[in-house]
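Me: I am new to this structure and would like a close look at a single part of it. Please keep the account plain.

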Amino acid sequence: MANQYDVLGKAPGLEELNKLSSKDVHLTIRGLNAGYGKMEILHNFDLTVSKAQSLCLIGPNGAGKSTILHSIYGFTNIFDGKIELEGNEITKLTPAQKLSKVGIAYILQDNSVFPDMTVEENLLMGGYIKDKQDEAYEEAERIFKKYERLRNRRNQPAKVLSGGERRLLEISRALVMKPSVLLVDEPSIGLEPKYISMVFEILEDLQKNEKKTIILVEQNAKKGLEFADIGYVLVSGQTAIAGKGDDLLKNPDVGRLFLGG
Ligand SMILES: Nc1ncnc2c1ncn2[C@@H]1O[C@H](COP(=O)(O)OP(=O)(O)OP(=O)(O)O)[C@@H](O)[C@H]1O
Ligand SMILES: [Mg+2]
């Protein structure tokens, strides 16, 4: 059935994706068919991302953006294809193994903090899997040192936090496990503009200074593409366009369909 997204053309080839992420490849997806139950949502999907690179997925509602993050983390049924981290296959690992063994974190959002627990208790929840609890404590201390907003509220119940501080806590909780890959689904959703900038500054710091690889989904396509090194436009479970964030911002089709231009 024809629709407004047809103008975007068909999937870019692997060569094109690899050119965008040519050095120090960190995570790859090849020929992925995945979905929920028996329903296939992603069709022959490919992705390549380098170490300490940021990739933003944009596209219409229901395109399968969240399903990509779910598939990387192990929440979907994978019918075919391969996911590799630094050349090692991780396709069938469970979410717990992804987090504790290979260093992939999925950032929960939308009120995933426990309001009656303190900020510190919430933060330490992120390390519940860790065999070495000491390491989780150390990492929590480092996070408190770094983020004054959390430090000041350390022993208060999380319900006193502002929306932006809550999002910071949600991101920080994932950091307790010292992941190398962060999967972030719509970090700006539900936040006031001043907090949206704060969240993107935090992500930028994690990428630039802590060398995290970041794969994010963002409904706010402008913010997402301004932040990210590269972007994929997803339509109906397939990539329609892939490019540098700056180039996608200048692309007239992307502008018309996703940037309100
Ligand atoms: N847990 C689930 N069980 C069954 N179907 C699901 C589930 N989650 C998503 N879907 C379906 O998969 C398709 C893709 O959904 P997905 O959440 O990946 O889209 P999205 O691109 O993230 O959209 P949005 O911008 O609305 O968040 C949709 O048709 C949706 O109904
Ligand atoms: Mg989604």
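Why is helix 2 largely enclosed by the rest of the structure?

Reply: This is a predicted model, in which local features need pLDDT of at least 70 and side-chain atom pairs count only at pLDDT 80 or more, while totals for chains, interfaces and linings use all residues. Residues are numbered from 1 along each chain as its sequence is written, and chains are lettered from A and ligands numbered from 1 in the order in which they are written.

Helix 2 is largely enclosed because 7 of its 9 residues are buried. Buried means that 20 or more other C-beta atoms, placed from the backbone, lie within 10 Å of the residue's own. The buried residues are Lys65, Thr67, Ile68, Leu69, His70, Ser71 and Ile72. Helices here are DSSP runs of H or I with at least four residues, numbered from the N terminus.

Helix 2 (residues 65-73) also gives the largest share of the shell around ligand 1, with 3 residues. A residue is near a molecule if its C-beta atom, placed from the backbone, lies within 6 Å of it. Around ligand 1 are Tyr36, Ile41, Gly59, Asn61, Gly62, Ala63, Gly64, Lys65, Ser66 and Thr67. By class, that shell has 3 nonpolar, 6 polar and 1 charged residues. Here Ala, Val, Leu, Ile, Met, Phe, Trp, Tyr, Cys and Pro count as nonpolar, Asp, Glu, Lys and Arg as charged, and the others, Gly among them, as polar.

After helix 2 comes Gly74, with a positive phi near 105 degrees.

Note on methods:
Helix = DSSP H or I, 4+ residues; strand = E, 2+ residues; numbered from the N terminus. Buried ≥ 20, exposed ≤ 12 C-beta atoms within 10 Å, placed from the backbone.
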